[in-house]
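Hello,

Here is the structure we talked about. Please open it and keep it in view while you read on.

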Amino acid sequence: EQISNPHINEPAETKQTYQYHSDGNLKRIENFYRISLTDPFTSMGGTLYDQYDRYRNPDLLFGTPLYLPDVVVAINNPGRIQSFTHTGSIHQINSLEYTYYSDGMIATKKSSLNISSVSILFTYTY
């Protein structure tokens, strides 16, 4: 994304890179910026998807959270999503637990962050 009228000391361009596991599930998203179009890109950090179950991800039924056509986030349901800083250190871990209907679709999803004692429970109805 090139920003047509950036303010002083704000990015003139940003980009995201995507890496996938061999099974087609997303492995890593990393975000970059540069202040001038002649500068090298600098990492802002990103997200690691390193655990998946074997069931179909129903979020694909509702569209992708990204604004890029044909970008698949996850074929299966992620079990852990880690956020990392520009230095590569992990600063947040989202652990996800699922229950399923008999047809393999998600019935509930419990989301727990390592930085909070509060969990969120999602209930799915199709």
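This is a predicted model: local features need pLDDT of at least 70, side-chain atom pairs count only at pLDDT 80 or more; totals for chains, interfaces and linings use all residues.

Salt bridges

Opposite charges on side chains can pair when the charged atoms come close. A search of the whole structure finds three salt bridges.

Start with arginine 34 and glutamate 13. Their side chains meet in a salt bridge, at 2.5 Å from N to O. Arginine 34 is in strand 2 and glutamate 13 is in strand 1, so the pair links distant parts of the chain, 21 residues apart. Both arginine 34 and glutamate 13 are buried.

Next, arginine 28 meets glutamate 30, with 2.9 Å from N to O. Arginine 28 is partly exposed, at a relative accessible area of 25%. Glutamate 30 has 12% relative accessibility, which is under 20%, so glutamate 30 counts as buried.

Last, aspartate 50 pairs with arginine 80; their closest N and O atoms are 2.4 Å apart. Aspartate 50 is partly exposed at 33%, and arginine 80 is partly exposed at 26%.

Strand 5 (residues 90-100) and strand 6 (residues 106-113) run antiparallel, joined by seven bridges. Their hairpin has five residues between the strands, and glycine 104 takes a positive phi near 90° there.

Strand 6 also runs antiparallel to strand 7 (residues 119-123), with five bridges. A hairpin of five residues connects strand 6 to strand 7.

Look at lysine 110 in strand 6. Glutamate 97 stands opposite lysine 110. Leucine 121 in strand 7 stands opposite lysine 110 too.

Best wishes

Technical notes. Residues are numbered from 1 along each chain as its sequence is written. Side-chain values use heavy atoms; hydrogens and water are left out. Two strands pair if DSSP finds at least two bridges between them. Helices (H or I, at least four residues) and strands (E, at least two) are DSSP runs, numbered from the N terminus. A salt bridge is a side-chain nitrogen of Lys or Arg within 4 Å of a carboxyl oxygen of Asp or Glu. Buried means under 20% relative accessible area, exposed over 50%, partly exposed in between (1.4 Å probe, protein chains only).
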